[in-house]
Amino acid sequence: MDLKKKRWQPRVTVIVFGLLIFGFTAATIVKPSTGFSETENRVLNGKPELKTETLLNGDFEADYEEYLTDQFVWRNQWITLKTSVERLLLKRESKDIYFGADGYLIEKHTGSFDTQMAERNIEALAEFARQYGEQLGRKHVTVMIVPNAVDILQDKLPPLADSGCGTAYLEQIAEGLPEEVWFDAATVLRKHTDEELYYRTDHHWKTLAAFYVYQAWAEKQGYSIPELTDYEIQTVTDQFEGTVQSKLGIQTAGDTIELFVPRDGTAYTVYKQSTGETEKSLYDYAALDTKDKYAVYFGGNEPFLQISTKAENGRKILVIKDSYANCFIPFMLSEFKEIDVVDLRYTNRSLSQMIEEGKYTDLLILYNASGFAEDMSITKLKN
């Protein structure tokens with residue numbers, strides 16, 4: 001009897017293991033695909049279409065693997081379990097995210113800066129800056145690529161942690177640009193590392209960090225230099241749980257989001273192309289009741305915004321940006337009669353035609369470093 005048990009035990013183990021593996025895979029294939037993950041605030045990969053071309057070149061297999069990863073049954077629960085186990089084992093990182101000091105979850109951005117796309121994006125940006133620097137004057141074109149938290153919050157990283165190649169990538173961008181065009185946001189931020197510059201649970205910089213960078217940029221440009229006392233700082237939530245936390249599937253203390261409201265009551269209107277409506281506020285307070293609380297700025301990323309102010313200086317600027325610009329733009333209201341904002345990820349409009357028709361006096365390109373390196377839409381700068 002004991003001999004029979006010994007013979008069956010390995011078989012039972014193999015059978016159970018096979019049922020678990022193939023059972024979960026089958027369940028994943030059968031269950032309806034989830035289109036959008038509110039937890040991670042991103043679109044999930046759907047089932048790829050089988051084509052001869054993609055099957056032969058290997059793209060189908062790669063896409064199918066991404067589909068299974070995104071649509072796996074009980075995916076969020078497995079992510080939470082995995083991260084919890086890693087933390088119990090005192091691991092210092094998970095899923096390319098460091099468990100930093102003081103509750104910071106800091107992305108490493110491994111592989112973001114050494115790709116062909118990252119190189120092409122620098123080339124497209126340099127060509128754009130040269131063209132419009134000659135057309136408008138170099139002082140009227142600014143490239144501001146903001147470093148990620150891993151490059152600034154060195155004191156929050158685990159001992160001997162590698163901060164990656166972000167700093168070197170920013171230096172590479174600066175070297176390829178015409179003089180006067182590059183604005184060094186990193187140097188400004190490093191002067192304030194004793195303050196909260198980035199969210200603990202999210203990849204964005206905080207409004208305070210954007211203020212310090214705007215203040216330095218305004219001084220360089222010859223604009224009025226604001227002080228913190230010029231704003232009423234409103235904490236609109238202390239329950240913000242960002243995308244970095246969501247990748248790990250764990251619960252941590254919520255972040256605060258602060259809005260800097262000018263005390264002088266600057267008047268403006270905001271036209272949104274997506275809705276065709278004109279609003280009287282930059283802020284969508286209803287977003288504070290959702291998972292994506294950072295969408296309090298403009299209601300999230302818009303393909304095109306047009307902000308009109310009471311400024312009488314005739315300056316008109318086009319901001320080409322990612323979501324890092326969302327908390328920076330409100331500081332610009334007093335310096336420009338019109339602020340047009342375009343997010344190349346969500347529009348196919350010809351940028352050169354837009355600039356020609358808009359008759360802009362100034363251009364600002366504002367991205368975060370990893371976002372810029374990974375953004376496939378940067379090539380639209382050539383359109």
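Biologist: Which residues in H9 are buried?

Modeller: This is a predicted model, so keep that in mind. In H9, the buried residues are Thr 207, Leu 208, Ala 209, Ala 210, Phe 211, Tyr 212, Val 213, Tyr 214, Gln 215, Trp 217, Ala 218 and Gln 221. Buried means under 20% relative accessible area.

Biologist: What makes H9 mostly covered?

Modeller: The count does. In H9, 12 of the 15 residues are buried. The cover includes strands E6 (141-146), E7 (231-240), E8 (255-262), E12 (316-321) and E14 (362-368), along with helix H8 (185-190).

Biologist: How do you know what span to expect for H9?

Modeller: The expected span is 1.5 Å times one less than the number of residues. H9 covers residues 207-221, which is 15 residues, and 21 Å is expected. From first C-alpha to last, H9 reaches 20 Å, close to that value.

Biologist: What follows H9?

Modeller: Gly 222 does, and its phi is positive, near 85 degrees.

Biologist: Why is E14 called largely enclosed?

Modeller: Seven of the seven residues of E14 are buried, so the rest of the structure largely encloses this strand. Both faces are covered. Asp 362, Leu 364, Leu 366 and Asn 368 are buried on one side, and Leu 363, Ile 365 and Tyr 367 on the other.

Biologist: How do you know that E14 pairs with E12?

Modeller: Pairing needs at least two bridges. E12 and E14 have five, in the parallel sense. Lys 321 stands opposite Leu 366 in E14.

Biologist: How many bridges join E6 to E14?

Modeller: Six, and these strands run parallel. Here Val 146 stands opposite Asn 368 in E14.

Biologist: Now the cavities. How many of 30 Å³ or more does the structure hold?

Modeller: One. The space in the largest cavity is about 70 Å³. The word cavity applies because a 1.4 Å probe fits there but cannot get out.

Biologist: What lines the largest cavity?

Modeller: Among the lining residues are Leu 105, Ile 106, Glu 107, Asn 148, Ala 149, Tyr 198, Asp 202 and Val 244. Strand E5 (105-107) and helix H6 (149-152) each supply at least two. E5 gives the most, with three residues.

Biologist: How do the lining residues divide into nonpolar, polar and charged?

Modeller: Seven are nonpolar, three are polar and two are charged. Glu and Asp count as charged, and the lining includes Glu 107 and Asp 202.

Technical notes: Residues numbered from 1 in each chain as written. Predicted model: local features only at pLDDT ≥ 70, side-chain atom pairs only at ≥ 80, totals over all residues. Heavy atoms only, no water. Helix = DSSP H or I, 4+ residues; strand = E, 2+ residues; numbered from the N terminus. Buried < 20%, exposed > 50% of the residue type's maximum accessible area, 1.4 Å probe, protein only. Contact = heavy atoms within 4.5 Å. 1 Å grid on protein atoms, 1.4 Å probe; cavity = no way out; pocket = protein on both sides within 12 Å on 5 of 7 lines; lining within 4 Å. Points joined across faces, edges and corners; volume = space filled by probe spheres on them.
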